[in-house]
Amino acid sequence: MNIQDIISKKRDKKELNKEEISYFIKNYTNGTITDYQAAALVMAIYINGMNKEEIKNLTLEMAYSGDVLDLSCLGKTVVDKHSTGGVGDKITIILAPIIAALGIPVAKMSGRGLGITGGTRDKLESIPGYKTEISDKEFIQNVKEIGISLIGQTANLAPADKKIYALRDSIACTESIPLIASSIMSKKIASGADKILIDVTYGSGAFMKTKKDAKRLANIITEIGNNVGKETVCILTNMNQPLGYAIGNILEIKEAVNCLKGNMPKDVKDVVLELGSYMIKLAGEGNNLEKNKQKIIEIINNGKAYNKFLELVEKQGGDISYIKDLNKFKNPKYIVPVISKKDFIIKSINAEKIGKLCVYLGAGRIKKGDEIDHSVGIVLNKKVGENVEKGEVLAYIYSNNEEKIEYCKKNVENIILNIE
Ligand code: URA
């Protein structure tokens with residue numbers, strides 16, 4: 001068997017068998033297959049797709065390409081939550097401490113930003129001192145001690161996904177059902193949770209642009225999870241405009257902390273309550289979704305969710321004085337308002353375009369391994385459906401590069417005015 005034959009088979013729209021998929025994953029993970037050969041195959045998969053059998057085989061090969069964690073020592077049902085990604089998606093940072101504060105263990109590994117979508121790992125790393133890279137042992141120990149740990153993928157957890165994920169980001173192969181399903185589910189299988197909840201986003205700021213495609217992705221994910229004996233639920237959520245107001249790493253941490261203190265934008269609150277109520281149900285802690293939503297509201301209002309976040313940050317080595325005083329976070333050199341030149345009602349805010357501007361500002365990566373600037377991004381001042389009067393601020397641009405500001409200002413204005 002050789003990689004050229006496998007690439008040409010997929011290039012010619014043929015089905016790859018289990019042995020071929022296994023050969024690719026093993027040899028890419030160990031470095032025998034080069035990045036450029038893997039890029040060719042990944043692009044062929046992106047263009048020609050995969051059937052269900054191929055996706056299942058790809059997922060399992062990736063899941064078992066490294067360690068598979070055993071969380072049974074936690075003695076409770078562990079529910080893992082993952083999102084297919086979005087612009088301004090800071091839900092994990094809000095929801096994980098809420099669930100942990102309710103006494104349900106949260107052992108979660110998150111990814112870096114991918115394409116226009118931000119990554120929870122990058123956001124957490126914007127908290128000074130916060131360690132996202134710890135050993136499996138320490139990860140499990142933290143969950144035992146405080147009920148929660150939020151980290152990046154540990155070194156040998158689904159290493160095949162780690163390589164393919166970074167590669168996809170740099171070769172424009174992010175929006176693909178087989179690649180997303182295998183990436184997410186390989187990590188979920190390897191990270192040892194008993195049950196899985198996936199937020200499948202759709203709309204301009206998501207990888208799935210239509211609800212129909214999101215449903216197809218959700219069906220495949222659910223089938224993979226249930227086939228490996230892990231009850232899996234997918235919830236479809238709208239990502240047509242950015243979630244919340246802030247887009248960018250530090251900016252989203254600040255917004256998430258404010259949400260934990262009870263100041264949640266409506267769209268964020270809807271997603272937190274919807275996903276959270278299912279997590280509680282899957283954990284076996286309450287079948288009534290409305291009552292579960294009430295429990296979430298209570299745990300925020302009594303300050304326990306916020307306190308759990310402080311505990312988490314401290315345990316991971318982060319400096320909690322930044323969380324207690326959000327003004328301590330470093331601002332970029334320039335914070336520039338975008339002012340409306342007319343009165344109007346906002347009809348849409350294209351999340352994909354806003355996401356691209358944030359990547360341009362440095363909040364995301366253009367190529368594999370790029371450093372990101374945690375302080376930059378965009379903060380919206382208005383959301384879809386709101387009235388705007390001439391002279392009002394539409395958004396703020398956070399930048400360290402003066403030359404990028406004019407371009408971003410013009411574009412943000414056009415995006416909010418809905419001008420192509
Ligand atoms: N999240 C992942 O882990 N992988 C994807 O491909 C998309 C979102």
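Hi everyone. Let me start with the second largest cavity, whose lining draws at least three residues from each of domain 2 (72–324) and domain 3 (330–417); those bounds come from an automatic or database domain assignment. Please keep in mind that this is a predicted model, where local features need pLDDT of at least 70, side-chain atom pairs count only at pLDDT 80 or more, and totals for chains, interfaces and linings use all residues. Residues are numbered from 1 along each chain as its sequence is written, and side-chain values use heavy atoms, with hydrogens and water left out.

By cavity I mean a set of points, on a 1 Å grid over the protein atoms alone, where a 1.4 Å probe fits but cannot get out; lining residues have an atom within 4 Å of a point. Volume is the space filled by probe spheres set on the points, which are joined across faces, edges and corners.

Helix α16 (351–361) gives the largest share of the lining, three residues. Helices here are DSSP runs (H or I, at least four residues), and strands are E runs of at least two, numbered from the N terminus.

Now the largest cavity, at about 290 Å³. Its lining has 26 residues, and Gly118 is among those nearest the centre, along with His82, Ser83, Gly85 and Tyr165. Helix α9 contributes the most, four residues. Thanks, everyone!

Key: 1 Å grid on protein atoms, 1.4 Å probe; cavity = no way out; pocket = protein on both sides within 12 Å on 5 of 7 lines; lining within 4 Å.
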